[in-house]
Amino acid sequence: MKRIGVITGGGDAAGMNAALRAVVRTATQEGAEVVGIRKGWQGLAEGTTVKLHPRAVSGILHRGGTILQTFRYPEFATAEGAVPVERTLEKLKLDGMVIIGGDGSFRGGTKLEKEFGIPVVGVPATIDNDIPGTDISIGFDTALNIAIDAVDKVKDTATSHGRIFVIEVMGRHYGLLAAQTAVATGAEEVLVPEIPYDMDDLCRNISKGYKRGKEHAIIIVAEGAGKASYVSYEIKERLKRSVRMVVLGHVQRGGSPSGYDRILASRLGHRATEMLLDGQHGVMVGVVANKFKTSSLDKKTKAPAKAVLRDVGLMETLV
Ligand code: F6P
């Protein structure tokens, strides 16, 4: 009987549980045994594992976060930090692993393949959607919808008070989540790390908007483009107007996955497991134009968010 491991790594993303459920159900149907690594990469070092059977993953499809948990373990990148991981792997005697996570987890997966000979298939899951080889990663759609909902609400208040609001959206070094939030909410301005901005231009645009009769100004700031506190302060100083800021932060990561994320995660979890059991590894499975696409686990960097937006014709709609 084959024995595979499954781990969730990096920041949690809504839909990780749905992917995990698909992995366990698929593997069991194919007659394989599944070992869940609890507490992510740190758990792999500590050897905290749990046997997973279909009953253990029932009722989790709609739940946010990850029942396996995900604790970061940057030490794995070092020779010293890799020692306990190697020890756990020797004990577990796995025929392969499915890794559900983002770029950091795929770097870990590449190390498992190359240095420890463990066959690995990756499933992209991060709200940042910054992984090459897939149009979209698990968790992005849910996070986008949370951000849209939050901005819509803030907009009501902004209009009621005629105020400027600066709203910071997650995404680490990547501006896609912020840019798509801006498009979907009709924000007045968006600042992303991929496009340089000038504070004086920004303020001029805000003033022009008010002169044209706008009742508010919503400025979306990607966390990688600067702190909302800094942007708010600069606008307030220049325009001498009341400015408020909202940092959405981790609110965007949790909560029940959207229908889209549930389906995406179920498809990718199933496919990744089938591939691993068929002997394919060293790869990640994503979706491109709604079809499965296999790419190397050893990632290069994704095209900048600006290029991604241009490709799908969204760039022009940004104000
Ligand atoms: O990668 C997902 C993400 O939420 C990023 O958008 C953000 O920069 C980072 O994780 C925050 O990490 P942590 O939860 O460790 O603070």
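Is glycine 186 buried, partly exposed or exposed? With a relative accessible area of 43%, glycine 186 is partly exposed, where buried means under 20% relative accessible area, exposed over 50%, and partly exposed in between, for a 1.4 Å probe and protein chains only. This is a predicted model, in which local features need pLDDT of at least 70 and side-chain atom pairs count only at pLDDT 80 or more, while totals for chains, interfaces and linings use all residues. Residues are numbered from 1 along each chain as its sequence is written, and side-chain values use heavy atoms, with hydrogens and water left out.

Glycine 186 lies in the loop between H6 and strand E7 (189-191); helices (H or I, at least four residues) and strands (E, at least two) are DSSP runs, numbered from the N terminus. Between glycine 186 and tryptophan 41 there are 145 residues in sequence, and their C-alpha atoms are 39 Å apart in space.

In soluble globular proteins, nonpolar side chains tend to be buried together. Here the largest nonpolar core has 82 residues, and those with the most contacts inside it are Ile100, Ile220 and Ile235. Helix H5 (residues 140-161) supplies the largest share of this core, 9 residues. Apart from this core lies another, of 23 residues, among them Phe76, Leu89, Leu112 and Phe116.

Isoleucine 235 shows what such a position looks like in detail: leaving aside its neighbours within four places in sequence, isoleucine 235 is in contact (heavy atoms within 4.5 Å) with residues that include Ile164, Val166, Met199, Leu202, Ile219 and Lys240. Lysine 240, one of these partners, sits in the loop between helix H8 (228-239) and E9, and at a relative accessible area of 66% lysine 240 is exposed. Lysine 240 also has a positive phi of about 55° although it is not a glycine. Most residues other than glycine have a negative phi. Lysine 93 likewise has a positive phi, near 50°; this residue is found in the loop between helix H3 (79-92) and strand E4 (96-101) and is exposed, with a relative accessible area of 62%.

H5 is followed by glycine 162, whose phi is positive, near 65°.

Valine 6, in strand E1 (residues 3-8), counts as buried at 0% relative accessibility, and beyond its neighbours within four places in sequence its contacts include Leu20, Val34, Ile37, Leu52, Val98 and Ile100. Leucine 276, in helix H9, counts as buried at 6% relative accessibility, and with the same exclusion of neighbours within four places its contacts include Ile4, Met97, Val98, Val121 and His281. The C-alpha atoms of leucine 276 and aspartate 95 are separated by 8.9 Å, although these residues are 181 residues apart along the chain.

A pocket, on a 1 Å grid over the protein atoms alone, is an open set of points where a 1.4 Å probe fits, with protein on both sides within 12 Å along at least five of seven lines, and lining residues have an atom within 4 Å of a point. The largest pocket holds about 990 Å³ of space, a volume being the space filled by probe spheres set on the points. Its lining has 40 residues, of which Asp103, Gly104, Ser105, Arg107 and Arg172 lie nearest its centre, and helix H4 (residues 103-116) gives the most to this lining, with 8 residues.

Note on methods:
A nonpolar core is a set of buried Ala, Val, Leu, Ile, Met, Phe, Trp, Tyr and Cys residues joined through side-chain atoms within 4.5 Å.
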